[in-house]
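Hello,

Here is the structure for you to look through. My notes follow below it.

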Amino acid sequence: MTQLLFKNLELLDPRWDAPRGGYQVLVEGETIREVSAKPIKAPKASVVDCGGKILMPGLIDSHVHVFLSEVYLRRLEEIPLTLMTARSAVLVRGMIDRGFTTVRDTGGADWGIKIALETGLIPGPRLFIAGRAIGPTSGHSDARRRTDNGLGCKCCNAMTFCMEIADGADNVRKAAREQIRQGADQIKIMVSGGVASPYDPLDSKQYSIAEICAAVEEAEAFGKYTQAHAYTPEAIQRAVSNGVRTIEHGNLIDEKSAKLMAQKGAYMVANLIAYYAMKERAGEFGMTSEMLAKNELVIDGGLKSLEICKRAGVKVGFGSDLLGQLQIDQSREFLLRSEVLEPIEIIRQATLVGAEIVRMEGKLGVIEPGAFADLIVVDGNPVKNLGLFQEQGKHLSAIMKGGKFHKNRLN
Ligand code: ZN
Ligand code: ZN
């Protein structure tokens, strides 16, 4: 098996507070074989001289949508699946260029694009999928017009492809099973209103307890877990007390619901940049004033939610949730969070916590023997300067996924 020996580097293990010099890392095939503070003996290995730069695990974004290539979701009605896939290839390439070697898609992406990425047909990160996002009629998955009473064929356009509408516990159960049949890694449900959907107030309670339980039970029956789109404390409590494992967004969380999440060991996947980017530019891409008004209701909660979660001991994952044209802002999430968190805490969210969320502890988000060789080489110390993650990967000298270079300007 091919061996690569990374030398002359400072290692940033996210469990530490700062990078440490003198380390070497041996990659064999697709995994890391050895990490040592002493020189590693590997006479057959090709040497990669990192020029004293920082080597760290590849980044993990726990909330993306690789198929939602339009900010105004209803425009996806005009996108055939061939164009949806072609656009997605550009979006996922942008993600790995920015150093994200793993992303979790929270509604839309299917096993087809996952296999295209796994087999290297399309360059991009590892992908964990939910299949279609499942929500009730008139809920956050329901982007239909008021004049449209039908459900639409699932294979006609990108909008119907990415969303699933199911009402009643039996139908939710069936929809969850269907996503599992289609290779979902996790099940996504909607339990409160959302910003980018037309007819659901943010504080609407989407899904009854019986419907939430049906999704959770089916996910668990197949060894998977459930993630829920939720903004309000009530929605968070309804979801988490019935077994939902990750809360997506959670902007309006309060102390009580945070305490419940900590007790249950649930994860929060915050995504602040989505709201700022929508406020700045979503209007240009057709998002309606009703949606932008909903955005105003949650934007201020973002930073506060991080502080509440920290105080309550809730683990928070790094998410971006940017739609289509706004996805280039993905790494700005680091800068926004740095208003209330230390850079190393945010780096942990985008590595260690991300790996826990996708249940790949020890395999992703770390540089240690047995882990996948998913790593980046940064042109400076991100613990001191999160600006190094900005500008579309400009400050990353190397990006490797599964032992293969996506980018290498070392040597
Ligand atoms: Zn959502
Ligand atoms: Zn989302």
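Arg 144 and Asp 142 are both buried (buried means under 20% relative accessible area, exposed over 50%, partly exposed in between, with a 1.4 Å probe and protein chains only). A salt bridge joins Arg 144 to Asp 142, with 2.8 Å between the closest N and O atoms; the term stands for a side-chain nitrogen of Lys or Arg within 4 Å of a carboxyl oxygen of Asp or Glu.

This is a predicted model: local features need pLDDT of at least 70, side-chain atom pairs count only at pLDDT 80 or more, and totals for chains, interfaces and linings use all residues. Side-chain values use heavy atoms, without hydrogens and water, residues are numbered from 1 along each chain as its sequence is written, and chains are lettered from A and ligands numbered from 1 in the order in which they are written.

By the rule above, there are 30 salt bridges. One of them links Glu 255 and Arg 311 at 3.0 Å, N to O. Glu 255 is in helix H7 (residues 255-264) and Arg 311 in helix H10 (residues 301-312), so this pair ties together parts 56 residues apart in sequence. Helices (H or I, at least four residues) and strands (E, at least two) are DSSP runs, numbered from the N terminus. Glu 255 is partly exposed at 43% relative accessible area, while Arg 311 is exposed at 58%.

The zinc ion (ligand 1) is coordinated by His 229 (ND1) and His 249 (NE2) at 2.0 to 2.1 Å. Donors are N, O and S atoms within 2.8 Å of the metal (3.2 Å for Na, K and Ca); water is not among the atoms, so sites may look incomplete. Both His 229 and His 249 are buried.

Regards
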